Amino acid sequence: MTAAIVPPYLLARIAAVQEPQWSRAADAARSTLAAPRDYRPVRSRLRLSIDEAGTLTAETTPAPDREISDAQRQERLPGVRVRGEDDPQTGDVAVDEAYDGLGATYDFLWDAFARDSLDGAGGRLRATVHYGRDYDNAFWNGERMVFGDGDGEVFAGFTGSLTVIAHELAHGVIEDEGGLLYRGQSGALNESIADVIGAMAEQHHLDQTVDEASWLIGAGIFTDAVEGDALRSLAAPGTAYDDDVLGTDPQPAHMDDFVVTRDDNGGVHINSGIPNHAFYLTAMALGGRSWECAGVIWYRTLTSGTLSSTADFTAFARATLAAAAAEYGEGSEEVDAVRAAWTQVGVIPQQDGPATQH
Amino acid sequence: MDPRPSTDDAPRPDEPRRDDPARVEPARSELTPGGRPPRDRRPDATPAPDAPVAVDVERTGGFAGISRRWSAQPPPDEADEWIALIDRCPWDAASAPPDDTQPDTFTWCIRAHRKGAPEREAELPDDEVTGAWRELIDAVREWNRATGRTAPRPR
């Protein structure tokens with residue numbers, strides 16, 4: 001990966017400027033572009049929009065570089081490459097859903113945070129589908145998303161839910177930002193941030209406000225035989241499913257109900273309900289679109305470079321408060337909303353902050 | 001190892017005996033007549049007094065974070081086959097999954113009991129479930145499916 005402060009697509013634009021007063025900059029950009037470097041094709045696209053004043057604006061934005069492979073029901077990676085960027089639809093639903101989901105997640109990261117792919121440097125987005133036989137899972141293996149087809153009895157498949165795809169990709173973003181150890185509270189934070197990004201990516205795709213959103217993760221991945229809407233709910237952890245086979249959604253929404261277990265890396269998919277709900281409460285208090293304010297605070301926290309990979313809930317809560325204060329000011333309603341949310345889920349003690357609890 | 005609830009240590013009264021013809025009924029599909037799959041069963045690690053061998057498999061983690069359990073207590077005439085399969089697994093080479101587990105992957109816990117031998121246990125990340133481990137896990141799941149035995153899971 002070519003690491004450069006000024007991205008090549010920007011250099012190309014500067015180099016193309018004709019106005020004489022910019023000739024020096026254009027020359028510099030041209031010589032920078034001409035300098036030998038690793039060959040990497042740069043993808044960009046033209047976006048046209050009409051602003052409030054009715055002016056047509058055109059901007060170039062970076063574009064995703066996707067690659068979907070088919071494991072052909074083996075548990076081997078990466079599998080056979082079946083669709084690359086700009087290739088037409090394959091007709092294989094899982095392949096095409098994964099492709100579209102990668103694109104929607106890419107668009108979300110760029111529009112919300114100006115992040116160019118998972119690594120922020122336009123890195124390729126890779127996914128493998130049809131992994132294993134009746135394989136009941138979707139995961140991130142450090143370099144690609146991997147999707148089983150589900151068993152058809154409990155799970156109908158995973159590629160149909162954008163929240164699942166964005167969740168898996170978010171693990172890549174978290175890893176790129178220094179990671180959160182996948183065990184105990186830091187692991188539950190890793191899971192929670194992946195859910196938060198998963199929920200926001202879907203809301204962005206559907207252009208939903210916080211009031212319109214379902215706040216569900218994995219809606220539609222269960223078969224009709226299962227009694228449940230989804231796997232997890234940020235709005236009401238513990239209510240996503242209640243089924244004879246699967247049991248009841250075990251997620252807590254408050255520290256009083258924190259689950260101590262040896263399973264699931266110390267309950268990373270269980271206790272993530274607590275920070276998930278804190279994000280939901282913050283987003284609801286601030287209103288509008290989740291990624292425009294609450295999401296910015298969470299994203300800045302993740303990317304600040306100061307979050308420890310072994311952070312617990314309290315450390316993360318304090319980091320979100322610091323991020324909110326840096327972004328919006330100490331006495332801002334944003335800081336108050338974040339503090340009230342963490343207080344309500346029992347992570348920050350009541351007396352710790354001003355009495356702004358909702 | 002987590003202490004097991006004492007209720008799990010005793011054979012269940014509704015459990016068919018090994019010589020019970022009901023045990024070798026034609027295989028039932030995973031879906032019961034009501035159209036619902038059976039509940040997962042809690043691992044019943046301790047075999048009934050006359051059972052020569054028992055294997056329990058527990059899968060935790062995964063994107064859904066939902067644990068599933070399977071158990072096999074094959075009848076005496078199948079015991080040699082099962083013991084051979086158990087012995088082919090590299091129990092001593094299995095190490096606990098590392099702390100930096102890849103997100104959303106499964107973890108497998110396998111326990112084997114043999115009459116008159118100490119319990120064997122291994123915990124494996126999903127990508128190490130290959131070869132003999134894969135055969136053993138598939139055999140336990142298949143045994144579960146074929147016998148269609150169900151037991152309520154504690155809620």
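A:Q208 is buried, with a relative accessible area of 16%; buried here means under 20% relative accessible area, exposed means over 50%, and partly exposed lies in between (1.4 Å probe, protein chains only). This glutamine is found in the loop between α5 and β8 (216-217) of chain A, where helices (H or I, at least four residues) and strands (E, at least two) are DSSP runs numbered from the N terminus. Not counting residues up to four places away in sequence, A:Q208 touches A:Q203, A:A213, A:S214, A:R289 and A:W291, a contact being heavy atoms within 4.5 Å.

Before going on, a word on the model: it is predicted, local features need pLDDT of at least 70, side-chain atom pairs count only at pLDDT 80 or more, and totals for chains, interfaces and linings use all residues. Residues are numbered from 1 along each chain as its sequence is written, chains are lettered from A and ligands numbered from 1 in the order in which they are written, and side-chain values use heavy atoms, with hydrogens and water left out.

Let us stay with helix α5 for a moment. A:S186 is found in this helix, which spans residues 184-206 of chain A. At 5% relative accessibility, A:S186 counts as buried. Its side chain reaches the backbone oxygen of A:L181 at 2.7 Å. Leaving aside neighbours within four places in sequence, A:S186 is in contact with A:L180, A:L181, A:S309, A:T310 and A:A311.

Now for the nonpolar interior. In soluble globular proteins, nonpolar side chains tend to be buried together. A nonpolar core is taken as a set of buried Ala, Val, Leu, Ile, Met, Phe, Trp, Tyr and Cys residues joined through side-chain atoms within 4.5 Å. The largest such core has 88 residues, and those with the most contacts inside it are A:F108, A:F147, A:F155, A:W215, A:F279 and A:W342. Its largest share, 11 residues, comes from helix α3 (residues 93-113) of chain A. A second, separate core of 31 residues includes B:A72, B:L85, B:C89 and B:A122. Back in chain A, A:F147 has a list of partners beyond four places in sequence that includes A:V129, A:Y131, A:F158, A:V164 and A:I165.

Chain B has two helices and four strands, and from the N terminus on its elements run β-β-α-β-β-α. Of its 155 residues, 52% are buried. Among contacts in chain B between residues at least 6 apart in sequence, 71% join residues at least 24 apart.

How do the two chains meet? In all, 41 residues of chain A are in contact with 34 residues of chain B. Together the chains bury about 3100 Å², 46% of it on carbon and sulfur atoms; buried area is the accessible area (1.4 Å probe) that two parts lose on being put together, summed over both. On the chain A side, A:E153, A:V245 and A:R262 lose the most area to chain B, together 20% of what that side buries.

Side chains of opposite charge can pair when their charged atoms come close. Counting as a salt bridge a side-chain nitrogen of Lys or Arg within 4 Å of a carboxyl oxygen of Asp or Glu, the rule finds four across the interface of chain A and chain B. B:R68 meets A:D151 in one salt bridge (3.8 Å, N to O), and B:R68 also meets A:D136 in a salt bridge (3.8 Å, N to O). The latter pair crosses from the loop between β5 (125-129) and β6 of chain A to strand β2 (residues 68-72) of chain B. Both A:D136 and B:R68 are buried.

Over all chains, the count of salt bridges comes to 26. A:D336 pairs with A:R339, the closest N and O atoms being 3.8 Å apart; both lie in helix α10 (residues 333-344) of chain A, three residues apart, about one turn of the helix. A:D336 is partly exposed, with a relative accessible area of 25%, whereas A:R339 is buried at 18%. In chain B, the side chains of B:R88 and B:E135 meet in a salt bridge (2.8 Å, N to O). This pair links distant parts of the chain, with B:R88 in helix α1 (residues 79-88) and B:E135 in helix α2 (residues 131-147), 47 residues apart. B:E135 is partly exposed, with a relative accessible area of 41%. Finally, salt bridges that share partners join A:R45, A:R47, A:D107 and A:D111 into one network.

How values were computed. Polar contact = N/O pair within 3.5 Å; in protein donor to acceptor, adjacent residues only side chain to side chain.
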